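This report describes a two-chain structure. The sequence and coordinates come first, and the description follows.

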Amino acid sequence: MKEINDLNLPEDIRYSDDHEWAKVSGDTVLIGISDYAQDQLGDIVFVELPEVGDCFEAGDEFGTLESVKAVSELYFPLGGEVVAVNEELGDAPELLNQDPYSGWIIEIKPNDSNELEKLLDRDAYLEILRGE
Amino acid sequence: MGVEKNVTLLHEWHVENGATMALFGGYDMPLWYPQGIKAEHLGVIQSAGLFDTSHMAVVTVAGDEALTLLQKCFSKDLKRCLGKKKGPLVRGRSVYGLFLTPDGHVLDDAIVSQAAERFYMVVVNAGMGGIVAQHLVKYSAGLDVEIDDLTDRVGKIDIQGKNSARIVASVLKDSDSVMSAFPYFSFKGWYDDSLDIAGELCLKDGTPIMLSRTGYTGEFGFELFVGPEKLLSVWTMLLEAGKSYSLQPCGLAARDSLRAGAVLPLSHQDIGDWPFVHTPWPFAIADRDPAGAFSKEFVGSEALATLHSHEYTLPFAGYDPRKIVVSDRAHVVDEAGTNIGRILTCATDMAIGRVGEEIVSIAGDDTPDDFIPRGLSCGFLRVDRRLEAGDLVFLTDGKRKIKVEIREDVRPDRTARRPMREML
């Protein structure tokens, strides 16, 4: 398992305390899981995704990640409508282990982009990880 | 098992090599190493993997009436257990079975090996050495027998996978003669100088070992028993020798997914403190005649012969890698949605997938070259009715629901029983 100092936690994205990340991309936001999350889960073997058009509030469950040892729920870090899902994960769920930041999971159109400001920056997220 | 945290003598090596650790059977053990469970699981199927199994316990039973005691306590009939002709257990051979309570519940499963005249080695699960030894002591009144719990006094390493013999042979002294006749469930040598077979089998550096053609993955391989002072050197020697075969250390997670696909039970999870009836493992107890009578009496046999249970333990496999994590909420439902039982084990065998309805392994001779295993969930259910192979049920945790098929077997093309001559 990685030491906290070895985790790859980019500066230009926001994090949730459920270990998702959110990255603004024009009008939409890409959502994925952090390096910490993929490292904790181990090999991810299956990703259950929502449908395009599904709407969620912040904190809602939107899918599951299945690793060889565990099943983990995915939560919306901010509310919105799903405008795209990463279909590549169907055949290659291991992309989330290989590079959890290029391996995005869903793309949403946020209800309120101000919600993004409520998410954690890198330093605040690191604080949470140090407490776990 | 309690909250005590024991470690094996390889603990420091596991941590230094980046293993994700977790408590199992009272021992802080590696779950997986940085290469990940999938690589470890597939590594065993396609080449070989190395497991620290020193958390398991060894109990020895010696004396003029050692056989009498084991015949009384062990579920297999040691006078009728070897081969198709049902010969007696002899020196150099091993047999798998159970220690039961008088009401037919499983205390633990074990491999019993006859190491010398009137001397037997009993290998049980982590934390169970003392309990099984006490159980044997309880039934040994008036018998000329000595029972020793050797917990933490014997090192144990498993090497599993089709290249295991090639790797082990490269570190053995006189490997040609050692490997020439070596049937499944037999062993050679001893790990210290307490027996006259000590020195029969040594590594090239002179380390005495007991080499046993057994394992817990369903794949070809060995269990090596060594003195604790030699555990680390033998572990690193094997890893070095196995480099050209991409031998990797494997954690308990890969061990669990491999054994689930091989339809092998985990003690205290798939068998345990409930009656051992209607299971996929009838071979773990003494043979029965057509009228149902066992070939010998043993602790628990009367209960097994007379119990009427409507509980059935059954193997299953899913249609994709999705699992339901075993928890209080997890249960089995039939097509009508009725709760019919619980999930004992649910793991993902990463070496298999479905082609149509058929389960195919990456190791199969006829498996197409472009077959990429997606993995299938598999394990054991305990349900309140008889179900047949091919029947469909659903596993659910109240939120998710996955369809699975009752199976007789799960991962095809396993190698555990392959003749040695094909594996060198």
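**Chain A**

The model is a predicted one. Chain A is built from five helices and nine strands. Read from the N terminus, its elements follow the order β-β-β-α-β-β-β-β-β-α-α-β-α-α. The radius of gyration of chain A is 14 Å, close to the 14 Å that the globule rule gives for 132 residues, so chain A is as compact as a globular protein of that length. The table collects further values for this chain.

| Property of chain A | Value |
|---|---|
| Box filled by the C-alpha atoms, along the principal axes | roughly 35 × 35 × 20 Å |
| Residues that count as buried | 38% of 132 residues |
| Contacts joining residues at least 24 apart, among those between residues at least 6 apart in sequence | 62% |

**Contact between chains A and B**

Eleven residues from chain A and 16 residues from chain B take part in the contact. On the side of chain A that touches chain B, β4 (44–48) and β6 (61–67) of chain A each supply at least two residues. Sorted by class, that side of chain A has six nonpolar, two polar and three charged residues.

**Helix α5 of chain B**

Helix α5 of chain B spans residues 164–171, and its buried residues are B:Ser164, B:Ala165, B:Ile167, B:Val168 and B:Val171. Viewed down the axis of α5(B), these buried residues fall within an arc of 160 degrees, so they line one face of the helix. What do the buried residues of α5(B) pack against? Their partners in chain B are the strands β9 (155–160), β11 (210–212) and β12 (221–226), together with the helices α6 (175–180) and α7 (231–241).

**The barrel of chain B**

Chain B also holds a barrel, which six strands close in the order β14-β19-β16-β15-β20-β21, with antiparallel pairing. From one strand to the next, the twist averages 45 degrees. Strand β16 (residues 339–349) and strand β19 (residues 376–383) of chain B pair in the antiparallel sense over eight bridges. B:Thr348 stands opposite B:Ser377 in β19(B). Helix α8 of chain B, residues 252–261, lies across β16 and β19 of chain B. The helix runs at about 120 degrees to β16(B).

How values were computed: Residues numbered from 1 in each chain as written. Chains lettered and ligands numbered in written order. Predicted model: local features only at pLDDT ≥ 70, side-chain atom pairs only at ≥ 80, totals over all residues. Buried ≥ 20, exposed ≤ 12 C-beta atoms within 10 Å, placed from the backbone. Helix = DSSP H or I, 4+ residues; strand = E, 2+ residues; numbered from the N terminus. Arc of directions from axis to C-beta. Contact = placed C-beta atoms within 7 Å. Rg over C-alpha atoms; globule rule 2.2 N^0.38 Å. Pairing = 2+ DSSP bridges. Axes fitted to C-alpha atoms, helices over the stretch in contact; angles between N-to-C directions. Nonpolar A, V, L, I, M, F, W, Y, C, P; charged D, E, K, R; others polar.
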